Structures are given as structure tokens and as C-alpha cells.
Amino acid sequence: ANPREGGRLLLYSTSAPSERAQLVGGGRQLCREVAGVCTGMRAATLCFDFCLLLANVSSVRRADRSVCFALAASLGSPDRLSATSPAVSELDALRTRVRELEGQLASRTAPAAPSLASSKGAARASPPVDYPTFATPKKGAARRISEGWWDPKIVGPALGSRPIGHIQTTFPTKNGCPRQGAVCEHARAKLQVEFGTNPQYSLQGLEEFSHVWLLFHFDDNGALHSPRSKVQPPRLRGESKGVFSTRAPHRPNPLGLTLARLDGVEGATLHLSALDLVDGTPILDVKPYIPAYDAPPPDQVRCPAWSLPNAAALLDVRVSEEAQRDLGGIEQAGVPPRLSRDWSEALQGLSEVLAQDPRSTYRKQKCADEEYPIYFDRLKAWCIFDSEEAGGAGVEIIALSVEDPPKSKRARE
């Protein structure tokens with residue numbers, strides 16, 4: 001959105017010695033493209049400093065350093081280049097490259113066709129923005145682009161979609177949110193649509209459908225690492241699969257699609273159930289589920305056994321006497337649930353989640369003997385899973401209380 005600030009950020013990140021080695025492959029092309037965009041935004045001084053820096057990064061290939069130097073030469077003054085001039089034997093090639101780059105920059109900085117009308121009726125020209133491109137691979141060869149290209153800190157804002165609302169669900173934290181919505185029939189949710197001046201008009205006719213598709217953004221993934229080509233689904237206990245053969249949340253573009261049951265439409269609010277979204281998840285779109293088009297014939301469907309639900313793998317959920325007394329005290333106190341119809345339904349929904357064993361692979365292996373806290377609606381439960389030595393076939397709820405979960409950095413009031 002702001003090439004000048006984007007260029008300044010990239011300039012800062014590549015100036016750190018620990019980051020220079022990361023400037024490879026698509027990263028070099030991105031830097032050249034950003035430099036071109038910065039030039040188009042009349043940030044020639046910044047562009048010059050940026051390209052001059054890249055021309056002196058030792059991890060960049062010699063040919064690419066020459067390109068960066070040539071671009072800087074087309075923007076800067078000769079006295080600033082004296083300390084970093086390349087060998088004399090390269091000057092002829094550089095002059096040719098400078099002419100090519102000048103032509104490219106001229107095409108990028110040319111005024112764009114009017115696209116937006118101002119309040120006075122005059123047309124405003126949008127600055128030209130080029131998306132990063134890659135060299136055409138040899139015939140028959142696939143392009144190889146590092147996973148780092150899909151850095152969450154860059155991809156998330158670059159999606160550019162505005163949510164139509166943030167959903168309210170019975171799963172206030174990622175810990176305990178089911179991996180598939182259909183496994184928790186009593187998980188209720190509300191979506192207040194915020195599209196248009198009369199958002200209720202956008203929902204007219206939707207009440208005729210029983211289920212809807214929700215397109216959403218995995219906004220709580222974090223930005224500590226880039227997505228990987230292979231992931232480890234929890235049910236495979238450490239075995240890896242390609243990310244596109246799973247429904248893992250950490251994806252190149254953090255978008256998700258889930259099916260939810262539509263219980264009703266009230267004005268601009270959708271009442272939903274049987275879904276698997278964390279409270280506060282941004283919803284990008286809602287589409288009706290039409291089985292005639294969305295469900296292929298059963299005889300044409302195939303999927304691996306590991307991806308299917310296994311009734312034998314469901315855990316036996318037990319509620320201790322102490323937890324039952326806790327629930328009775330909660331009901332007598334008259335504190336209402338947030339979304340569930342009553343506390344008995346909340347406990348039933350909690351049991352459905354626990355039966356699927358929501359623990360991560362790490363917690364199963366490293367923290368199997370510890371008490372497991374989990375939230376459902378406003379209900380907090382402490383559980384103990386049976387050990388592997390005992391068969392690992394059950395889980396017991398040992399305590400219940402009404403407690404607001406710790407708020408994440410993106411929680412909405």
C-alpha cells in the first residue's frame with residue numbers, strides 16, 4: 001500500500017548481516033521489482049540507496065549485483081558510485097543493461113489510465129504496481145520458489161480482502177477447537193454481517209438453505225515461520241504429508257473453507273452450528289451449500305483411510321462426581337452461557353470435542369501425564385487423558401468452572 005515504506009523496510013532488513021544470506025532466488029527479483037515501484041512513486045533517492053546496497057551484498061550472484069549496480073547508476077550520481085564501481089571489463093555490459101533498465105523504468109513510471117473519480121469529478125491516475133515475476137524455466141522444468149516467499153508477515157496483508165464480519169463461536173482459543181466442524185454438533189456460533197449500509201439485504205433468501213460454506217482467514221497462525229511443503233497431521237502421529245493433501249492451517253495463503261449448519265437468519269445475523277472456527281475469526285465470504293453441485297456421486301469419490309473418521313478411535317469421555325457438582329453449582333448461580341442454549345448443552349459439546357482428542361502431537365508425546373485445560377463457550381474444564389499403558393481409550397473431566405479465557409492479541413470485544 002505504501003511502496004516508500006515498504007522499500008525502507010526491505011532496505012533495513014537486508015542491511016543486517018544475518019539476513020543477507022536469505023536474499024536468494026525470488027527474493028532478488030522481489031527487491032528489483034520493489035525498487036522499480038519505489039521509482040514509480042518518486043522515491044528515487046531511496047531506490048538508489050536500496051539498489052546500491054544490493055549491489056554490494058556478497059551472497060547475491062555477480063550477475064545480479066551488476067544489475068543492481070546498473071539500476072543504481074541510472075538513478076544516482078557518479079560520485080556516489082566511485083567506491084563501489086565494478087571492474088572495467090564489465091562497463092560495456094553495464095551500459096547496455098542501463099539502457100534496458102531505463103526503458104523498463106520508463107514504462108513503469110508512465111501515467112496510468114484514469115481509474116478512480118475524485119469528489120470534484122476529476123480522474124485520478126493509479127500508480128503502476130508490478131507484481132514480482134520469475135524467470136521462465138527451461139522447457140519441461142518446474143519453477144522452484146522458496147517457501148520463504150510466502151512469509152506470513154507479507155502474505156497476510158497482501159491478500160487485501162476485507163472481512164464481512166468476525167464470527168462468534170464456542171471455541172475461544174485454538175486449544176480445543178475441533179479439526180472438523182461436523183464432529184461437534186453442539187458447537188454454536190453467530191455471524192453479524194457488516195457488508196453494506198443495509199447488510200440484512202445481502203442475506204435475503206439464504207434462510208432457504210440448510211448449510212453454508214464459510215471462507216475465512218487463518219489470522220491467528222502467527223508469523224514466526226513460513227509455511228512448509230510438508231506437514232504432520234496429528235492423527236498420523238508424526239508421519240508427513242504434502243500441505244495440499246491436508247487441511248493444515250499453516251498454508252502458503254492462509255485461507256480456509258468450512259461447512260456449517262445454518263440454524264436461522266435474523267436480520268443481519270446468521271445463527272450457525274456444527275463448525276470448527278476459533279472465536280473472532282474473520283469471515284471473507286458466505287456461500288450456500290447445494291448438494292447437487294457440491295457433493296459428487298459417492299461412487300466417484302476416493303480418499304485415503306487416514307483422512308476418514310474412525311469410530312473405534314473415539315475416546316470415552318467420563319465426568320467425575322466433582323465435575324458434576326461443579327456443573328450443578330454453575331446452573332444454580334444463574335450465570336448464562338455465551339452461545340450455548342444451556343450448560344448441559346455446553347457440557348455435551350465439550351464432550352464431543354474431547355472424544356476426538358484435540359491434543360497436539362507434541363502434547364501427546366511430551367505432556368501426556370499433565371492435566372489438560374480446555375475452554376468451551378464460557379466453560380473451563382480440567383481433564384486427564386488415560387495413559388498409553390492403560391490403553392489410552394478415555395478421558396475424564398475432573399473439574400468445571402465459568403472463566404473467561406485469556407485473550408489473544410487479535411481477540412475482539
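These legends describe close-up views of a predicted model. Residues are numbered from 1 along each chain as its sequence is written, and side-chain values use heavy atoms, without hydrogens or water. Local features need pLDDT of at least 70 and side-chain atom pairs count only at pLDDT 80 or more, whereas totals for chains, interfaces and linings use all residues.

View 1. Helices (H or I, at least four residues) and strands (E, at least two) are DSSP runs, numbered from the N terminus. Of the 413 residues, 36% are buried, meaning under 20% relative accessible area with a 1.4 Å probe, protein chains only. The chain exposes about 24600 Å², of which carbon and sulfur atoms supply 53%; areas come from the Shrake-Rupley method with a 1.4 Å probe. Among contacts (heavy atoms within 4.5 Å) with a separation of 6 or more, 70% join residues 24 or more positions apart.

**View 2. Four strands form an open, mixed sheet in the order β12-β15-β14-β13.** Two strands pair if DSSP finds at least two bridges between them. The edge strands, β12 (316-319) and β13, each pair on one side only. From one strand to the next, the twist averages 35°. β13 and β14 run antiparallel and are joined by 5 bridges. Isoleucine 374 has alanine 381 in β14 as its bridge partner.

View 3. Axes are lines fitted to C-alpha atoms, for helices over the stretch in contact, and angles run from 0 to 180 degrees between N-to-C directions.

**View 4. The largest nonpolar core has 25 residues.** A nonpolar core is a set of buried Ala, Val, Leu, Ile, Met, Phe, Trp, Tyr and Cys residues joined through side-chain atoms within 4.5 Å. Leu350, Leu354, Ile374, Ile397 and Leu400 touch the most other members. Two or more residues each come from α10 (321-333), α11 (343-355), β13 (372-376), β14 (379-385) and β15 (394-402). α11 gives the most, with 6 residues. Apart from this core lies another, of 18 residues, including Ile167, Val212, Leu214 and Leu262.

**View 5. The surroundings of leucine 400.** Not counting residues up to four places away in sequence, leucine 400 touches Ala323, Asp326, Leu327, Ile330, Leu347, Leu350, Leu379, Lys380 and Ala381.

How values were computed
Buried < 20%, exposed > 50% of the residue type's maximum accessible area, 1.4 Å probe, protein only.
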